[in-house]
Amino acid sequence: MLLIYCPYCQVERAEVEFRCGGEAHIARPSDPEKTTDEDWVEFLYMRANTKGVIAERWRHIHGCGRFFNALRDTVSDNFLTFYKTGEPMPTLETLPQEAGK
Amino acid sequence: MSQPFRTEKGGRIDRGEELTFTFDGEEFHGHKGDTLASALLANGVHLVGRSFKYHRPRGILSSGSEEPNALVGIYRNGDQTPNLRATQIELYDGLEAISQNRFPSLGFDVGAVNDLLSPLFPAGFYYKTFMWPKSFWDRVYEPIIRSAAGLGKPPRTPDQDTYANQFAHCDVLVAGSGPSGLAAALAAAETGARVILCDEQAECGGSLLSESNASIDGKDPANWVHETVARLSSMENVTLLPRTTAFGYFAHNFVALAERVTDHLAEPDSKLPRERLWQVRAKEVVIAAGAIERPMVFPENDRPGIMLADAGRTYLNRYGVKVGHKVLVATACDTAWQAAFDLADHGVEVVAIVDVRETPPDNLIAIAEARGIRVEAGCVVTGTLGRKRIKSALLGRLMTSGQVASGGQIDCDALLMSGGWTPTVSLYSQSRGKVVWAPEKGAFLPGISVQKERSTGASKAVYGLQACLEDGYAAGEAAATAASGKTATITYSSAYGGEAGSGGILGALPHDRNASRVKAFVDYQNDVTAKDVKLAVREGMHSIEHIKRYTTTGMATDQGRLSNMNALEIASGTLDKPVTDVGLTTFRQPYTPTTFGLFAGISRGDFFDAVRKTASHEWVVQHGGVFEDVSQWKRAWYFPKPGEDMHAAVERECRTVRESVGLFDASTLGKIEVVGPDAAEFLERMYTNPWKKLAPGRCRYGLLLNDAGFIVDDGVIGRLAEDRFHVTTTTGGAPNVLATMEDYLQTEWSDLNVWLTSTTEQYSVAAVQGPKAREFIAPFIEGIDLSADAFPHMSVKEGTFCGVPCRLFRISFTGELGFEINVSRRYGEMMWETLATEIEKRGGTPYGTETMHVLRAEKGYIIVGQDTDGTVTPYDAGMGWAIGKKKFDFVGKRGLARTDLVADGRKQFVGLLTKDPKIRLEEGAQITTSENPATGTAAEGHVTSSYYSAALERTIALAIVKNGHAREGQTLYVPMPEGSIPVEVTGTVFYDKEGAQLNV
Ligand SMILES: [Zn+2]
């Protein structure tokens, strides 16, 4: 069971308090009418399914209820960082070296 | 009572307390402190089971949880628990054990014929023999295999025991309480860190409990254990968990422990759980799992009486049991010599020590000679004799040519063997660490830590008492500092004796026998021989993962802890490749077999899932109502009067609602309060319909799609004020609708100022439906003008019901004049009882979900999830009217415009009337154009809802049919086993098509 840090509550809690919301940073097109079928399908269904570091959404559903994002290595399951919704996705270079351990 | 193999004195058993137990019905005696295995051995019983495939007689091999042979069933509470390891079962008075996998008896087992037929069961025989004909699998092969092979029989009655669950957090979790584990726990605890120490055995101490040839701080090792455990017990920051197996190492230092709470008690307190699952989150883990001894692979190495040398020593020193009177010791390493010496010192005749090594250490030879023990160096065991117990062993002398020359025969009643030691890396491997081959140790050792753990002592091949203590202290200190930043000055205890020694061998021993006719077992529990492993390699299995699956070696309950290294060496020798190229299989959770009860915990029976009840529940029970489960809710299904079956009750309820008035508990519908300055804008974006112009006091039916354009939920939404909406959802969909709303609000539209609150549990809702609904509720309602003009269909107002605040909706899910009264849940019973008591006096009736379904189907109202399946659009459902076409955007709008969703040929929502009005279609039945379609013909659609309609005095159905809207009037067919049923496609509204009943 994963250990997850909620950046709003600022606490680590067990995975049972959270629900995974899938890949992060997939913005709903702001003008759907002008979006092509292909782009809409891309938005609806296509996910990177990365082996390695991914950005994913989590919701502290049995806590504060907020959505936030995390970088997780899908191979080791280690989280590299957690950040609030709306904040830019951290790049691996900007993360402190000890992150994820 | 006589226990002929009990020593005169010594051991940790309580000789003052004699216990009686039975094995296969025969009565025996043992002592408190015995395991079932040690007590059986004290009585001279070695034969305890039959092997899995060949039904060969098998004896106790080990003294720990890796035991492959001594699997027994234990009777308790009138049923038996199978496949328990006799080496782990603590003896109690009255214990009843039975052997397994034998018929009719352990001594005479007809299945043993398999042993003679063994040429028919080579490696991979499952794959080879039973491939053809396919139909034989179910009828012939499988039943035979099931009855002939296998382990214990499953219990016949439900598990009567209870199981508990405990979450725990600590700085340092120490798994294993041998010398390294105890030292680690003590070192960590002295820093003040929170420590959990667990050990799968009944007592802490591990190998120290059977150590005869060492001292710690000048004391007997067992005394040091006693003092150390006493010190740990006295510390508030330490949790000691004996009888507790760390069976699973999961992500982020989450470790699962299984504590056996009552299995060792003769009369357990019924309040205690049988087992407790500890879910531990540890900042640091110290793995002190020790090492286990390897069997030697020589022909007939599986006879009862043949045992691991260290197990023999443990039975002697810890349990006061001699494994035999004439013991042969076969070894490749030093440690087994000490077993021989201990036995000799207890007066057991050690007939010889047979060491593979040409030159065993001189000091050992000297000690043996001093005790008059014959030593055969450069010698191996090449076979054994004896049917149900070893009688003698064949010896072979290793020649410089690599050949083996016969070395004669030697009588014995027990044979202790040691091929060396294998570090237990299971937990490390479970933590996703990659083991590293250490050629100088002949073992795979823990490599780089992937999680916050460190191995210590024998589990990383640190041997010798002093070295294990030192390594344990260091590991405990380092773990505590890493976890809590704390340090402490600890005085290390120092040990004398308990030397590591040297030696060890992997793989099959050479012999001078006919290789095709002898069996040298590698995996005892699965009956895998050296020959099988070689055959697998010859047949093309070159990776250990393939060899494992082909031969089943390493697939026993010990996951190959005993067998892997020998199998690997045999495979590597046959392939002529280094072991690292053949690989080691991954150890997975659980470390030892774990009960389902432990995982289920309290989540079974009534506690399997939450049960949600509405305010009417007790009234419904008292008035004979029948319930149905709708997600977690118990909902009243129908209310039969005396003599009525379901059909009669539903027909009466339907008729009464259409003609008079009915009362229905609608409390389970989901309710969400949407509040804030942007509440209308938010709903505008979520639902297909327009909301901004909806006046306060008015309601609208809301249809919710996903962004793909498919219907996911629906419900009536009332506007209470400019900034406040009362949203209802389907019963099952409530949590998902709220979660979806939160998702869009938080992550897409954070510009909106809106609050969402679930109010499902806050309101009790009574639906009053029927032409007499208004006059029926009028006496109870105050503050609301109920007249048709002041309070038309699709209105909402706040007032009081019997003096308590209520939200009154004028809405209908029946097609009749209808009201839904929402009061605070605390007044739910009062409201229901008031209305239910009154309604029968007025010629009305309470009605349940079945009647609700029939009435709504007569009106063609959809049930999301029944008439829709996640691929139905509003247009498919004939609900284009609910789409706000002028809106800039709403969830699903763009999805609806996708090419496939506007293409011809989509399945559409229609009504169906059977040509024969008495036939009721089956929900889910397929629909075709042809009366007798050829096999493989695709269906045109399926029946989604089907009922008998009292109002129409015939059956009706709803369906999803390809191009259905254009097929009104056509005849289609519903093929059933009894014949094809012709149906006519109709519109979806069967009753009151104009809606006149609604607007009265
Ligand atoms: Zn939170």
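Mentor: Let's start with a term: two residues are in contact if their C-beta atoms, placed from the backbone, lie within 7 Å. This is a predicted model, in which local features need pLDDT of at least 70 and side-chain atom pairs count only at pLDDT 80 or more, while totals for chains, interfaces and linings use all residues. Residues are numbered from 1 along each chain as its sequence is written, and chains are lettered from A and ligands numbered from 1 in the order in which they are written.

Trainee: Among contacts in chain A between residues at least 6 apart in sequence, what share joins residues at least 24 apart?

Mentor: Here you set two separations in sequence against each other. Take the chain A contacts whose residues are at least 6 apart, then ask how many of them join residues at least 24 apart; the share is 47%.

Trainee: What pattern does chain A follow along the sequence?

Mentor: Helices (H or I, at least four residues) and strands (E, at least two) are DSSP runs, numbered from the N terminus. Chain A has one helix and six strands. Reading these elements along the sequence gives β-β-β-α-β-β-β.

Trainee: In β5(A), which residue is the bridge partner of A:V53?

Mentor: Strand β4 of chain A covers residues 53–59, and β5 covers residues 67–73. The two run antiparallel and share seven bridges. For A:V53, the partner in β5(A) is A:D73.

Trainee: Is A:N49 buried or exposed?

Mentor: A residue is buried if 20 or more other C-beta atoms lie within 10 Å of its own, exposed if 12 or fewer, and partly exposed in between, with C-beta atoms placed from the backbone. A:N49 sits in the loop between α1 (37–45) and β4 of chain A, and has a positive phi of about 50° although it is not a glycine. With 8 other C-beta atoms within 10 Å, A:N49 is exposed.

Trainee: How many other C-beta atoms lie within 10 Å of B:N83?

Mentor: B:N83 belongs to strand β6 (residues 79–85) of chain B. Its phi is near 60°, a positive value in a residue other than glycine. B:N83 is partly exposed, and the number of other C-beta atoms within 10 Å is 16.

Trainee: Which element gives the largest share of the side of chain B that touches chain A?

Mentor: The contact takes 21 residues from chain B and 18 residues from chain A. On the chain B side, the elements that give two or more residues are α20 (734–747) and α24 (893–896). The largest share, four residues, comes from α20(B).

Trainee: What is the handedness of the crossing of α5(B) and α11(B)?

Mentor: Axes are lines fitted to C-alpha atoms, for helices over the stretch in contact, and angles run from 0 to 180 degrees between N-to-C directions. Helix α5 (residues 179–190) and helix α11 (residues 465–484) of chain B pack at about 35° with their axes 7 Å apart. A crossing is left-handed if the near helix is turned anticlockwise from the far one by less than a right angle, and right-handed if clockwise. The crossing of α5(B) and α11(B) is right-handed.

Trainee: And what is the handedness of the crossing of α7(B) and α8(B)?

Mentor: The axes of helix α7 (residues 309–317) and helix α8 (residues 335–345) of chain B come within 9 Å and cross at roughly 35°. The crossing of α7(B) and α8(B) is left-handed.

Notes
Pairing = 2+ DSSP bridges.
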